[in-house]
Every structure is written in structure tokens, then in C-alpha cells.
Amino acid sequence: MIALVLPGCREGSPAHASPTVSISRTPDGTAIAGATAVVFTAAANDASSGALTVSWDLGDGQKASGASVVHVYASAGVFPVAVTVSDDRGGVTTAGGSITVGNLSGRWLLSEGGARFYERGFDIAQTASELTGRPFSVPDKGCLGDLHGRVTSPRAIRFEFEACDDNVVVIDGTAAGDLRSMPGTYTHPDGPPQPIVLTRE
């Protein structure tokens with residue numbers, strides 16, 4: 001997110017300059033709705049060393065105050081973010097930017113490592129931090145169980161499902177910043193974790 005500093009208002013002495021402010025955030029990239037705790041930080045400065053008040057508009061109807069705020073977006077979208085800094089002499093400055101929020105719902109293919117397994121990918125549905133859905137194979141023998149798991153901040157995923165041999169397989173991974181791929185591991189109880197990459201279809 002690139003912060004844009006808008007012109008401030010000045011009152012009182014012509015020599016009084018409004019405060020300056022810029023915005024940074026972590027993590028970079030696309031946030032996951034219902035899971036990624038986004039930290040917004042305002043770097044504000046006032047030439048007169050006066051007291052500063054910092055307020056935020058997070059773009060989804062939520063407001064906050066303070067130099068650093070943490071927010072989880074409930075839904076996907078592109079949200080404008082603005083911070084307003086005011087000093088005790090009436091100077092006001094606003095900086096703005098935007099954040100993109102997505103989700104993990106959709107079909108994910110075992111694009112790397114999949115040749116070692118019966119499954120060929122996963123149809124995932126994300127609701128807040130919960131993951132549900134089903135693995136799929138070609139052909140489908142109808143023996144794979146439903147998957148269930150969680151996504152945690154910032155972009156870590158874990159889910160499990162019952163394989164055709166009745167064992168429980170665990171998938172761990174971390175979604176990339178564009179939410180298009182998830183490198184991770186495939187762990188069957190009969191062996192060590194195997195590296196995989198899931199790619200959004």
C-alpha cells in the first residue's frame with residue numbers, strides 16, 4: 001500500500017506547519033478475509049513537537065485510533081484506508097492508500113508433488129477462518145472424505161481429510177501474497193511430510 005499525503009489545513013500563525021504522516025502495513029500482499037490480522041502503522045511528525053491525535057478510516061465501515069491498529073477484514077474486496085493526524089494547533093493532515101482482501105475458496109490443484117498421491121487437488125470453501133470442502137481425483141472412486149481445517153494469520157493453512165485407505169492426511173501450507181499458490185506439505189501417517197504446491201485453478 002502506497003500512502004498518499006493530502007494537503008493539510010493550517011490555522012493560527014502562518015509559520016505553523018501541519019503535521020506530516022505516512023502509512024505502512026504488514027503483512028504485504030493480499031490479506032485473507034476473516035483471517036489475516038493486518039497491522040497499520042502511521043509515522044507522524046509535528047515540527048512544533050505538539051501532541052498528535054491519530055484516527056483511522058479502514059474502508060469497511062470500521063474506525064480506529066492510535067498510531068498502530070490491527071484489523072481483520074470480514075469480506076473480500078479492495079478497501080480504501082485513510083489516516084488523519086491533527087495537532088493541538090489545528091493542523092490536520094490525511095494520508096490514504098488501499099488494501100486488497102481475498103479468500104481461499106475455489107479449486108486448488110496439486111501442481112507440484114501431485115503425481116505421488118491419489119488426490120489431484122482440493123475444492124476448498126472458506127468461511128471466516130474455517131476451511132471445508134472435498135479432495136478430488138480423476139477418476140473419482142468416491143472414497144475420499146470431506147476436508148476440514150483452518151486458516152490463521154497471516155496466511156497459514158491446515159486441513160485434513162480421510163484418504164481412500166482410511167488414514168487421515170494432513171495438508172499444511174502458506175498462501176502466497178497473491179493468493180494464487182500455496183507451498184506446503186502432505187503428511188500421511190505412513191511416512192514423512194512430502195513437499196507439495198497447491199495452485200489455484
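User: What is a nonpolar core?

Analyst: A nonpolar core is a set of buried Ala, Val, Leu, Ile, Met, Phe, Trp, Tyr and Cys residues joined through side-chain atoms within 4.5 Å. Buried means under 20% relative accessible area, exposed over 50%, partly exposed in between (1.4 Å probe, protein chains only). This is a predicted model: local features need pLDDT of at least 70, side-chain atom pairs count only at pLDDT 80 or more, and totals for chains, interfaces and linings use all residues. Residues are numbered from 1 along each chain as its sequence is written, and side-chain values use heavy atoms, leaving out hydrogens and water.

User: Which residues of the largest nonpolar core touch the most other members?

Analyst: In soluble globular proteins, nonpolar side chains tend to be buried together. Here the largest core has 24 residues, and L104, F122, F159, F161, I171 and L198 touch the most other members. Strand 14 gives the most to this core, three residues. Strands here are DSSP runs of E, at least two residues, numbered from the N terminus. A second, separate core of 19 residues includes F40, V54, W56 and L58.

User: Is G121 buried or exposed?

Analyst: G121 counts as buried because its relative accessibility is 0%. G121 lies in strand 11.

Methods: Helices (H or I, at least four residues) and strands (E, at least two) are DSSP runs, numbered from the N terminus.
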